[in-house]
Every structure is written in structure tokens, then in C-alpha cells.
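Subject: Structure handover and notes

Dear colleague,

I am passing the structure on to you with this message, and my notes follow below it. Please read them alongside the coordinates.

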Amino acid sequence: MNPSFWQDKRVLVTGHTGFKGSWLCLLLNLFGARVRGYALDPPTQPSLYALARVHELVKSTTGDVRSLDALIATVRSSAPEIVFHMAAQSVVLRSYDDPVETYSTNVLGTVNVLEAVRRMSLPCLVINVTTDKCYENEGWDWAYRENDVLGGHDPSSNSKACAEFVGQSFRDSFFPLSRFGEHRVGIASARAGNVIGGGDWTPRQLIPDTIAAFRRSQPIVLRHPNAVRPWQHVLDCLGGYLRLAEALAGDGPAYSGAWNFGPMDTESRPVYYVVESLARQWGIERPWVADSASYPPEESMLRLDVTQTANRLGWRCRLTIDEALQMVAVWYRGYHSGQDARTLCLEQMSRYLDR
């Protein structure tokens with residue numbers, strides 16, 4: 001990524017009050033961008049958004065992506081050059097509890113964001129953030145590529161596959177690549193692996209639940225300890241999003257479409273590995289136990305092929321899984337010892353950018 005590219009850029013971030021959105025706003029502000037946020041109130045208490053005082057750095061609008069009129073007003077008033085659409089309901093178990101909220105947020109929300117951009121009638125680049133779980137999981141031993149079939153079994157994953165089709169439809173119907181010189185609107189989707197980092201308190205997620213258990217000196221109860229996921233640090237993931245936007249700005253037709261962001265396949269690890277690695281930082285000898293309860297199904301194996309992203313964008317994760325987990329541990333231990341959340345984020349950004 002090129003920090004100078006972002007100087008004075010007008011950027012709209014939907015979902016900016018969430019974990020990833022807060023880190024993105026801090027990073028964009030560091031690079032000198034003029035950031036506008038559109039989201040509901042922070043989804044957790046505590047929240048990185050509040051603790052890092054992100055509201056001091058962005059112009060924030062409280063709103064639901066399912067409200068088209070509010071989105072249109074925000075987009076027209078801010079005239080963004082670049083949109084990162086991150087607002088979503090992304091928790092798998094919650095999607096089973098409330099599929100209507102999940103589909104309406106993830107599908108209609110994406111429709112509304114793209115419709116607001118369409119009605120703005122100005123050049124704009126959109127990074128539609130979906131998920132690595134949008135693929136039709138066949139249980140393969142090999143990693144999924146961008147041209148593999150989309151699907152997703154649970155409502156969260158499936159609704160993100162639908163959001164991919166929404167982006168494709170808007171691109172083909174209203175912003176065709178053959179007429180890019182006329183409309184100057186580029187749409188790309190980012191399919192990221194499991195993102196970890198400090199400041200995440202999302203319920204039913206591995207890192208927040210693990211840290212909470214360790215602070216009580218208790219083992220975490222794992223639903224699927226052997227499930228393999230493509231873990232990556234939030235700064236690696238966001239660096240990929242920024243690099244994609246920069247490439248889209250340079251050649252919209254060439255970089256429209258779908259892109260995977262995750263570690264090299266050899267860096268994917270099972271859930272228990274993540275927990276045991278963090279346990280060593282806390283001195284926990286018995287860090288997890290298997291849950292005997294019954295839960296809705298989740299995929300046991302998920303890997304991403306990032307060959308296209310590496311070859312065409314020149315992007316790879318800078319951090320190994322062990323380095324990423326060490327940064328996670330350092331952040332939470334620092335925070336719980338009284339250090340300032342924003343300072344912790346900026347320190348980790350500085351070290352990451354110096355690599």
C-alpha cells in the first residue's frame with residue numbers, strides 16, 4: 001500500500017464503528033485521508049471505536065445501511081472518491097438466530113450502498129467487503145479461488161454470497177467495464193479470511209472469548225477445535241483492502257471483480273492452535289476443553305488461494321500466524337494493564353509499516 005495515495009482522499013466507510021472499521025479509520029486518518037463514517041452505534045461494549053476515540057478523527061453519521069434515503073443523503077453530502085462497504089452482520093451463530101436481520105443487512109444494505117453511489121453520479125471506487133465463507137464449501141483439501149462457485153450454507157455466509165451477486169449485477173447493469181471512461185465507477189469485492197487483532201469484543205468469536213476466559217484463569221470451551229481457518233492480522237487484511245483500492249484507482253476495468261485476502265495456505269491453522277498459542281502468552285496450562293453441546297453446523301475446513309492477489313496486486317500477509325497472535329496478545333495485555341487503546345493501535349501500525 002502507498003500511504004501518500006490517501007492524502008486528502010474523501011473516503012466513506014460503512015460499518016466504521018465495528019472492530020475492523022475502527023482499525024481502518026485509524027489507519028486512513030494516519031495516512032491523511034478525510035474519512036466519513038456511516039454506521040449504527042458501536043455493536044459491542046466495550047468497543048474499540050469508543051476506547052480509541054475514533055469519533056474524534058472521522059465525521060460520523062449514525063444510520064442503518066437498510067435506510068436508503070439516509071445513505072443517499074450521506075453519500076451526496078460527502079461525495080466520496082472511495083467507499084469501503086464493511087457494514088454487515090457477520091457472526092455465523094447469530095445468523096441462525098436472526099436470518100431476517102442477516103439477509104436484510106448484508107444483501108439490501110449492499111444494494112442501498114451501491115444505489116446511493118449510482119445516484120451520486122460522480123466517479124467513485126467501491127470496495128465491497130464480503131467474506132471467505134461466500135464460497136460453496138465442498139470440503140476440498142485445496143484452497144478456494146476467486147472463480148470457484150459461490151454459495152455458503154449458513155445465513156451469514158450465504159447472504160455474503162448474495163452480496164457478491166449484487167455487486168456483480170450493479171457493475172454489469174449500471175457501471176459496465178466497457179464504459180468505465182464515462183462513469184468512472186469501479187466495484188471490486190474483497191473476500192477476507194478470519195481477521196484477528198486487538199480491540200475485538202464481538203460475541204461468539206474466538207479471540208474475544210479466549211481472552212475473556214484466560215482473564216478468568218479458565219479454559220475456553222471450543223465448539224470446533226479442529227476447524228481450520230485462514231487467520232490473518234487485521235493490519236494485513238486492511239492493507240490488502242487499501243492496496244486493492246489503489247490498484248482500482250489506477251486501472252478500474254483491470255482490477256474490478258473479486259479478490260481473496262488471507263495467509264498463504266501453509267499458514268492456515270486449526271482453532272486449537274490459535275488458543276494454545278495465546279495460552280502460552282498468559283501461562284495457561286490447560287487452555288481449552290471441547291464443548292459437548294449441540295450447535296448449528298459450521299464448516300470444518302476453509303482455505304483461500306491468494307495467488308491472484310499476490311501476483312497481480314503484489315500483496316501478501318506480512319505477518320506469520322505466530323507474529324499475528326503475538327501482536328494480539330501484546331494488545332490485550334497492554335490494554336488490560338491500563339494502556340490507551342488508540343496508542344496501542346498506533347504503535348502496532350507503526351511497527352507494521354516499518355516491516
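Does T102 count as buried or exposed? At 0% relative accessibility, T102 counts as buried, where buried means under 20% relative accessible area, exposed over 50% and partly exposed in between, with a 1.4 Å probe and protein chains only. T102 is found in helix 5, residues 99-120, and, leaving aside its neighbours within four places in sequence, it is in contact (heavy atoms within 4.5 Å) with Q89, R94, S95, P155, S156 and S159.

Some conventions before the rest. This is a predicted model, in which local features need pLDDT of at least 70 and side-chain atom pairs count only at pLDDT 80 or more, while totals for chains, interfaces and linings use all residues. Residues are numbered from 1 along each chain as its sequence is written, and side-chain values use heavy atoms, with hydrogens and water left out. Helices (H or I, at least four residues) and strands (E, at least two) are DSSP runs, numbered from the N terminus.

Seven strands form an open sheet with parallel pairing, in the order 3-2-1-4-5-6-11; two strands pair if DSSP finds at least two bridges between them. Strand 3 (59-62) and strand 11 (257-261) stand at the edges with a single partner strand each, so one side of each is left without a neighbour in the sheet. From one strand to the next, the twist averages 20°; for this and the angles below, axes are lines fitted to C-alpha atoms, for helices over the stretch in contact, and angles run from 0 to 180 degrees between N-to-C directions.

Going through some of the pairs, strand 1 and strand 2 are joined in the parallel sense over five bridges, and the bridge partner of V13 in strand 2 is G37. Four of the five residues of strand 1 are buried, so this strand is largely enclosed by the rest of the structure. Strand 4 (residues 82-85) pairs with strand 5 (residues 124-129) over four parallel bridges, and F84 stands opposite I127 in strand 5. Strand 5 and strand 6 run parallel and are joined by six bridges, with S189 in strand 6 as the bridge partner of N128. Five bridges join strand 6 to strand 11, again in parallel, and there A192 stands opposite F261 in strand 11.

Strand 6 is mostly covered, as eight of its eight residues are buried. V185, I187, S189 and R191 point one way from strand 6, whereas G186, A188, A190 and A192 point the other way.

Helices on the sheet

Helix 3 (residues 68-78) lies across strand 1 (10-14), strand 2 (34-39) and strand 3, and runs at about 175° to strand 2. Helix 6 (residues 155-173) lies across strand 5, strand 6 (185-192) and strand 11, and runs at about 160° to strand 6.

At 10% relative accessibility E246 counts as buried, and, not counting residues up to four places away in sequence, E246 touches M1, N2, F5 and W6. L244 is also found in helix 9 and counts as buried at 0% relative accessibility. Leaving aside neighbours within four places in sequence, L244 is in contact with I127, A188, S189, A190, Y255, W259, F261 and L313. L244 and S189 are 55 residues apart in sequence and 9.2 Å apart in space, C-alpha to C-alpha.

Helix 8 and helix 11

Two packed helices are described by the angle between their axes and the distance between the axes. The axes of helix 8 (residues 206-215) and helix 11 (residues 271-282) come within 11 Å and cross at roughly 35°. The contact is made by L206, I207, T210, I211 and F214 of helix 8 and by V271, V274, V275, L278, A279 and W282 of helix 11.

In helix 11, V271, V274, V275, S277, L278 and A279 are buried, and what covers them includes helix 8, strand 8 (220-222), strand 12 (269-270), strand 13 (288-290) and helix 13 (321-336). Helix 11 is followed by G283, whose phi is positive, near 70°.

Best regards
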